[in-house]
Amino acid sequence: MRESAAAVIFVHNHPSGDTRPSQEDILLTRRLVQAGELLGIQVLDHIIVGDGGHFSFRDNGLMQRAVS
């Protein structure tokens with residue numbers, strides 16, 4: 001917001017190494033997308049990293065469901 005971002009990508013890690021999103025990750029993504037809509041900032045993706053891999057909400061078709 002401070003830098004007038006038009007879009008953001010959220011990234012966090014799972015210390016367990018398991019990159020599958022938890023129910024909390026899915027709910028958080030939904031809330032981030034909703035907040036972005038209010039602020040005029042598009043959420044492009046939410047990425048979870050762990051044990052040498054990653055999970056992309058966008059690549060796995062979950063960004064559309066996060067919005068619904």
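**View 1. Strand 2 and strand 3 run antiparallel, joined by four bridges.** Two strands count as paired if DSSP finds at least two bridges between them. Strands are DSSP runs (E, at least two residues) and helices are runs of H or I (at least four residues), both numbered from the N terminus. Ile47 has Ser56 in strand 3 as its bridge partner. Strand 2 and strand 3 make a hairpin, with two residues between them. Gly52 sits in the turn, with a positive phi of about 75°. The model is predicted: local features need pLDDT of at least 70, side-chain atom pairs count only at pLDDT 80 or more, and totals for chains, interfaces and linings use all residues. Residues are numbered from 1 along each chain as its sequence is written, and side-chain values use heavy atoms, leaving out hydrogens and water.

**View 2. The three strands form an open sheet in the order 1-2-3.** Pairing in the sheet is mixed. Strand 1 (7-13) and strand 3 are the edge strands, each pairing on one side only. From one strand to the next, the twist averages 20°. Angles are taken between N-to-C directions and run from 0 to 180 degrees; axes are lines fitted to C-alpha atoms, for helices over the stretch in contact. Strand 1 pairs with strand 2 (residues 42-50) in the parallel sense, over seven bridges. Phe10 stands opposite His46 in strand 2.

**View 3. Helix 1 (residues 23-39) packs on the sheet.** Helix 1 touches strand 1 and strand 2. Contact means heavy atoms within 4.5 Å. The direction of helix 1 makes about 155° with that of strand 2.

**View 4. One aromatic pair is present in the structure.** Phe55 and Phe57 form an edge-to-face pair, because their ring centres lie 5.6 Å apart and their planes stand at 90°. Rings of Phe, Tyr and Trp (its six-membered ring) pair if their centres lie within 6.5 Å; planes under 30 degrees apart are stacked, over 60 edge-to-face, and the rest tilted. Phe55 is buried, at 13% relative accessibility. Phe57 is buried too, at 1%. Buried means under 20% relative accessible area, exposed over 50%, and partly exposed in between (1.4 Å probe, protein chains only).

**View 5. The loop between strand 1 and helix 1 holds Thr19.** Thr19 counts as buried, at 18% relative accessibility. Leaving aside neighbours within four places in sequence, Thr19 contacts His14, Ile48, Val49, Gly50, Gly53, His54 and Phe55. Asp18 lies in the loop between strand 1 and helix 1 as well. Asp18 counts as partly exposed, at 30% relative accessibility. The C-alpha atoms of Asp18 and Val49 are 8.2 Å apart, with 31 residues separating the two along the chain. Ser16 also belongs to the loop between strand 1 and helix 1. Ser16 is exposed, with a relative accessible area of 58%. From Ser16 to Leu62 the C-alpha distance is 21 Å, and the sequence separation is 46 residues.

**View 6. Met63 of helix 2 is buried.** The relative accessible area of Met63 is 3%. Beyond neighbours within four places in sequence, Met63 is in contact with Thr29, Val33, Val43, Leu44, Asp45, His46, Phe57 and Arg58. Met63 and Val33 lie 30 residues apart along the chain, with their C-alpha atoms separated by 8.6 Å. Confidence in the chain is lowest in helix 2 (residues 62-67), at a mean pLDDT of 69. It is highest in strand 3 (residues 53-56), at 97. pLDDT is the predictor's confidence in each residue, from 0 to 100. Where pLDDT is low, the predicted coordinates should not be read in detail.

**View 7. The whole chain comprises two helices and three strands.** The chain is as compact as a globular protein of its length, because its radius of gyration is 12 Å, close to the 11 Å that the globule rule gives for 68 residues. The radius is taken over C-alpha atoms, and the rule is 2.2 Å times the number of residues to the power 0.38. The C-alpha trace spans about 35 × 25 × 20 Å along its principal axes. Of the 68 residues, 29% are buried. Among contacts with a separation of 6 or more, 63% join residues 24 or more positions apart. The pLDDT averages 90 over the chain, and 91% of the residues score at least 70.
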